[in-house]
Amino acid sequence: MADRLEISAEDWNVIYPILVKHRHVRSTSEEQCRAFLVAVLQILRSGSQWRLLPEAHGKWNSVFKRFSRWSKHGVWQSLFAGCIHHPDLQSVFIDSTINRAHPCAGGAAGSNAEDEALGRSKGGFTTRIHAITDALGNPLEFVLTGGQASDIGQAETLPALTPAGARAFVGDKGYDSDAFVQAIVARDMKAVIPPRCNRNKVRECDWFIYKERHLIECFFNKIKHYRRIFSRFEKTARNYMAFLHFVSALIWLR
């Protein structure tokens, strides 16, 4: 059985060439670079504090600083982009999920809750992940907002992030808007969004294509097996997004 806290040789053979091409990756040896990613995977999987990183993985503060530095320079995003191969663009699915944020996620120096995608609710901080996946449920792009933000609030952002060549744009009723549907059609895509029950003029919906929308829900289920995604502890949206990109890269390598 595969070790969930290790990176397989097959995956590493794909990951390492992508990393060494990035100008901000300074690796003295391939073994040390792999050990660093395994240390980050340990935190990502277990959801533990950085201070509780086992000593076998090195000094926790050094690992954290390197992780944060890679996040700042877009290394994790480049890794994710490099792992995407031949996405199925027959359809693209959009949806969002809300994750609880621990109180320690607040208080980023020189920033505020809105900039760090932290929303207020009765239970505390929340973050909403807006995602786009291909027709097989593999991730293509993300947007982070506060948990109280609506789905339709990203109507202008999501189509712009959709890869060229997508045929159908599939979402639930939360995305039902005349302006949004027109924006999708303007990009030569078919809008597959069920009409709200209070519409005066009911639109048609291709229910055959819509049946596949569960694949993005399956994707959210996959990433929430990584406890650092399931519950947010990062003070900055940038570092939280870095974990998302790392998880998504691993999903593409399956």
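**Loops first, then the core**

Modeller: His-86 is exposed, with a relative accessible area of 75%. Keep in mind that this is a predicted model.

Colleague: Where is His-86 found?

Modeller: His-86 sits in the loop between α4 (75-83) and β1 (91-101). Its phi is near 50°, a positive value in a residue other than glycine.

Colleague: OK, Ala-117 next. Which loop does Ala-117 lie in?

Modeller: The one between β1 and β2 (119-121). Ala-117 has a positive phi too, about 55°, although it is not a glycine.

Colleague: And is Ala-117 buried or exposed?

Modeller: Buried. The relative accessible area of Ala-117 is 4%, and the cut-off for buried is under 20%.

Colleague: Now Glu-234. Does Glu-234 count as buried or exposed?

Modeller: Glu-234 counts as buried, at 5% relative accessibility. This glutamate is in the loop between β7 (231-232) and α10.

Colleague: What is Glu-234 in contact with, leaving aside neighbours within four places in sequence?

Modeller: With that exclusion, Glu-234 contacts Trp-50, Ala-105, Arg-228, Asn-239, Tyr-240 and Phe-243.

Colleague: Let's switch to the core. How many residues are in the largest nonpolar core?

Modeller: It has 75 residues. Leu-19, Leu-37, Trp-76, Ile-229 and Phe-246 have the most contacts inside it.

Colleague: Which helix gives the most to this core?

Modeller: Helix α10 (residues 237-252), with 12 residues. The core also draws at least three residues from each of domain 1 (9-83) and domain 2 (91-235). In general, nonpolar side chains in soluble globular proteins tend to be buried together.

Colleague: Take Phe-246. What is Phe-246 in contact with, neighbours within four places in sequence aside?

Modeller: Ile-7, Leu-37, Val-40, Leu-41, Leu-44, Trp-76 and Leu-79, on that basis.

Colleague: Last topic: α1 and α2. At what angle do α1 and α2 pack?

Modeller: Helix α1 (residues 9-20) and helix α2 (residues 30-46) pack at about 105°, and their axes are 11 Å apart. That angle makes α1 roughly perpendicular to α2.

Colleague: Which residues make the contact?

Modeller: On α1, Ala-9, Trp-12, Ile-15, Tyr-16 and Leu-19. On α2, Glu-30, Cys-33, Arg-34 and Leu-37.

Terms used
Residues numbered from 1 in each chain as written. Predicted model: local features only at pLDDT ≥ 70, side-chain atom pairs only at ≥ 80, totals over all residues. Heavy atoms only, no water. Axes fitted to C-alpha atoms, helices over the stretch in contact; angles between N-to-C directions. Helix = DSSP H or I, 4+ residues; strand = E, 2+ residues; numbered from the N terminus. Parallel < 35°, antiparallel > 145°, perpendicular 65-115°, else oblique. Contact = heavy atoms within 4.5 Å. Core = buried A, V, L, I, M, F, W, Y, C linked by side-chain atoms within 4.5 Å. Buried < 20%, exposed > 50% of the residue type's maximum accessible area, 1.4 Å probe, protein only. Domains from an automatic or database assignment.
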